[in-house]
Amino acid sequence: MKEIERITEESFRPFGTLIEFPQGETEDFYIVETEEEQPWRLAVFRYRSHSIRTIERHPASKESFEPMSGVTLLLAAEFETPEDYHVFLLDRPVCLKKNTWHQVLALSEEAKVKITENLQVESVFYQLPQKIRPLIG
C-alpha cells in the first residue's frame with residue numbers, strides 16, 4: 001500500500017480542484033466547477049468496502065467527492081498511469097478531472113460521500129494487478 005497523502009491544492013492539482021472558497025474571495029457564492037455540455041447530478045454514495053481491486057474513470061464527466069460521514073480514502077491516478085495511484089485521506093471536498101482513475105475505500109465500518117457528476121455517466125474500469133487494502137497503524 002502506498003503512503004497516505006494529505007489533500008492540498010498542490011498535491012491534488014494533477015487530479016482536480018479543491019472545493020473551497022479561495023482566499024480573498026469577496027462574494028458569498030462561488031462556483032468552483034461547472035459543466036455546460038451536460039447536466040450534472042448530486043448523489044450520496046454509501047459504502048463499506050475496505051479493499052478494492054478495480055478503479056474507474058469517467059471520460060465525459062468531472063466528479064466531486066464530499067465527505068459526509070465515516071472515514072474515507074480516495075485513490076486517484078492520472079489517465080495514462082492507472083497503477084501509479086495516490087492515496088488521499090478524504091477530509092475535504094474535491095472535484096476530479098475527467099478521465100481521472102479513482103475509487104473510495106472506507107476506513108470506518110461505513111462511509112458516505114456526496115457526489116456531483118453528469119446525469120448520464122460513462123464508466124471505464126481498470127483491474128489493478130493486486131487488491132488494495134490500507135495498512136492501518
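# Reading a predicted fold and its salt bridges

Modeller: Start with overall size. The protein chain has 137 residues, and a compact globule of that length would have a radius of gyration near 14 Å; the chain has 15 Å, which agrees. That radius is taken over C-alpha atoms, and the globule rule is 2.2 Å times the number of residues to the power 0.38. This is a predicted model: local features need pLDDT of at least 70, side-chain atom pairs count only at pLDDT 80 or more, and totals for chains, interfaces and linings use all residues. Residues are numbered from 1 along each chain as its sequence is written, and side-chain values use heavy atoms, leaving out hydrogens and water.

Biologist: Which elements does the protein chain have, and how many?

Modeller: Helices (H or I, at least four residues) and strands (E, at least two) are DSSP runs, numbered from the N terminus. Here there are one helix and eleven strands. The order from the N terminus is β-α-β-β-β-β-β-β-β-β-β-β.

Biologist: What share of the residues is buried?

Modeller: Buried means under 20% relative accessible area, exposed over 50%, and partly exposed in between (1.4 Å probe, protein chains only). In this chain, 36% of the 137 residues are buried.

Biologist: How many salt bridges are there?

Modeller: First the idea. Side chains of opposite charge can pair when their charged atoms come close. A salt bridge needs a side-chain nitrogen of Lys or Arg within 4 Å of a carboxyl oxygen of Asp or Glu. By this rule there are eight.

Biologist: Where in the chain do D84 and K2 lie?

Modeller: Their side chains form a salt bridge, 3.0 Å from N to O. D84 is in the loop between β6 (72-77) and β7 (86-89), while K2 is in the segment before β1 (4-5). They are 82 residues apart, so the pair links distant parts of the chain. D84 is partly exposed at 44%, and K2 is partly exposed at 32%.

Biologist: Which residue does R6 meet in a salt bridge?

Modeller: R6 meets D91, at 2.8 Å from N to O. R6 sits in the loop between β1 and α1 (9-12), and D91 in the loop between β7 and β8 (94-96), 85 residues apart. R6 is exposed, at 56%. D91 is partly exposed, at 36%.

Biologist: Is E66, the partner of K114, buried or exposed?

Modeller: E66 is buried, because its relative accessibility is 16%. K114 is partly exposed at 28%. Their salt bridge is 3.6 Å, N to O. K114 lies in strand β10 (residues 111-118) and E66 in strand β5 (residues 63-69), so the pair ties together parts 48 residues apart in sequence.
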